[in-house]
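Welcome! Please have a look at the sequence and structure, then read on.

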Amino acid sequence: MLYFTRWKALAVILTALVVCLCAVPNFFPEATVKTWPKWAQRHLVLGLDLQGGSHILLEVDANSVKKDKLDQVRDDVRRTLRDAKIVYTGLGVRGDNVEVRITKDTEYQTALTKLRELSQPLGGLMGQSGQRSLEVSDAGNGLIRLSVPPAAINDRIRQSVEQSIQIVERRVNELGTVEPLIQRQGLDRILVQVPGLQDPTRLKELLGKTAKLDFRMVDTSIPAEQAQGRVPPDSELLMSSQSPKTPYLVKKEVLVSGADLTDAQPGFDQRTNEPIVSFRFNTSGARKFADATVKNVNLPFAIVLDNEVVSAPVIREPITGGSGQISGSFTVQGANDLAILLRAGALPAPLSIIEERTVGPGLGADSIAKGELAAYVGSILVIVFMLLTYRLFGLFANIAVTINVLMIFGILSLLNATLTLPGIAGIVLTVGIAVDSNVLIYERIREELRAGRTAISAIDAGFKRALATILDSNITTFIAAAVLFYIGTGPVRGFAVTFGIGIITTVFTAFTVTRLIVAGWVRWKRPTSVPI
């Protein structure tokens, strides 16, 4: 156990040195680090509890998700019956159901069979085996009722939350913030923590907007002012986004949706010098937009954002280039924010803020000071204990523990991890565990000496026989850290990450670094007794 080949010793030293060097950027001002090469700029990011910032808890509007699901079912029923050329009447959403009446008795069974094909098995959710997305039933007198079960609604909410997390992350990153924490909480909530952001006003405005963009035709069959109370079934009455509010009668059919956008950038109109947003479609969107403008020359179409008409220009000529611009009395920041929203994509459902906290930098500084004090006091006590108990070998252990802590910071820096107060607690706890490994080795060496072994033989046996015990204890502790990481959220995960990394570096330093130091001392001194 005490023999190291030259290459093995060199590999241990280089590994420890390189990982420790990764921690160096944390000891320099950020302005200095930014002048270094890109690969050398990786460093720890202080969490919300250490540097202050904004904490926002969002909730997906379950009623909106349910309404969208029922509207989708209604549209699927309309399309299915039209494709099958089945005559129907009274199609609509009533309460939590979609109902349709089949006009001809001879077509009823065919319609029932076709509509039952819309029901699909729900997969991917634990405990929902056998559940289906729709329950299609015969309500009598030619009426077919389609119900969406709670399991299907929950499945839709889960999907909406997962999609919303990705969109929220893109929106927050567009603000240029550092290492935001965005994660799911429960079935329908999203936690957003942005360290360093002291004024969350603009962030809340961006997160609160659905940013659902549609391009639709304006219904010119009757003036919008006269459509109150008698809106055509395929149209709806929407208001303009600017004041004074102007009504528009807009067709429900979406020509092109915001999902077909590939880019959106703020800019200025060359003629009026007003802020605008330029957009570009993907191939599919460009084709649909071109077809729509070719068929509707000299007719107005509406640009609808979150059920408000931003503008309703007249199509003067076909637009086949796959790009265009949105104007609507924007401010410079308003145009920039809209471009951010469109680039990030539309939320599948509205999000509401149910909890908001702002942590000041003063509180974070106090947490850092107390965390540092705890780390220093704990480390000094451990160092003193090891020196008094094991003398020279205690010094070897203290050197290994110092390298261990530097390696933890190095790995966390390499991962650009976020350090929180529980993370500092994990590092302090790692120091104790690292020393514990050395204590097991040293006590084993003492036992071998008492059994009559020579100094070198006792040292070698101590390392060899303590290996299994240390591996067992660290593996079980690592399993606990892994469980905390997968089950826990926020600060608990931060603790689990630092603690888990600390366990790995502890095993490395205890059985390579400490052993290499002791082996070097044995080769140099050739001791006949062990100062332990």
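In strand β18 (residues 351-359), the bridge partner of Ile-56 is Glu-356. Strands here are DSSP runs of E with at least two residues, helices are runs of H or I with at least four, and both are numbered from the N terminus. This is a predicted model, in which local features need pLDDT of at least 70 and side-chain atom pairs count only at pLDDT 80 or more, while totals for chains, interfaces and linings use all residues. Residues are numbered from 1 along each chain as its sequence is written, and side-chain values use heavy atoms, leaving out hydrogens and water.

**Around β2**

- Eight bridges join β2 to β18, and the two run antiparallel; two strands count as paired if DSSP finds at least two bridges between them.
- β2 (53-60) also pairs with β8 in the antiparallel sense, over seven bridges.
- In that pairing, Leu-57 stands opposite Leu-191 of β8.
- Seven of the eight residues of β2 are buried, so the strand is largely enclosed by the rest of the structure. Buried means under 20% relative accessible area, exposed over 50%, and partly exposed in between (1.4 Å probe, protein chains only).

**The four-stranded sheet**

- An open sheet is built from four strands in the order β3-β4-β6-β5, with antiparallel pairing.
- β3 (88-94) and β5 (135-140) are at the edges with a single partner strand each, so one side of each has no neighbour in the sheet.
- From one strand to the next, the twist averages 20°. Axes are lines fitted to C-alpha atoms, for helices over the stretch in contact, and angles run from 0 to 180 degrees between N-to-C directions.
- Five bridges link β5 with β6 (residues 143-147), where Glu-135 has Ser-147 as its bridge partner.
- Helix α4 (residues 62-83) packs on the sheet and touches β3, β4 (97-102) and β6, contact meaning heavy atoms within 4.5 Å. The direction of α4 makes about 165° with that of β3.
- Helix α5 (residues 108-116) lies across β4, β5 and β6, running at about 10° to β6.

**Nonpolar cores**

- The largest nonpolar core has 43 residues, and Ile-144, Leu-146, Val-168 and Val-192 have the most contacts inside it. Such a core is a set of buried Ala, Val, Leu, Ile, Met, Phe, Trp, Tyr and Cys residues joined through side-chain atoms within 4.5 Å.
- Helix α6 gives this core its largest share, nine residues.
- Ile-144 touches residues including Val-98, Tyr-108, Leu-112 and Val-136.
- Another core lies apart, with 25 residues, among them Met-386, Phe-393, Ile-441 and Ala-466.

Conventions. Lists of a residue's contacts leave out its neighbours within four places in sequence.
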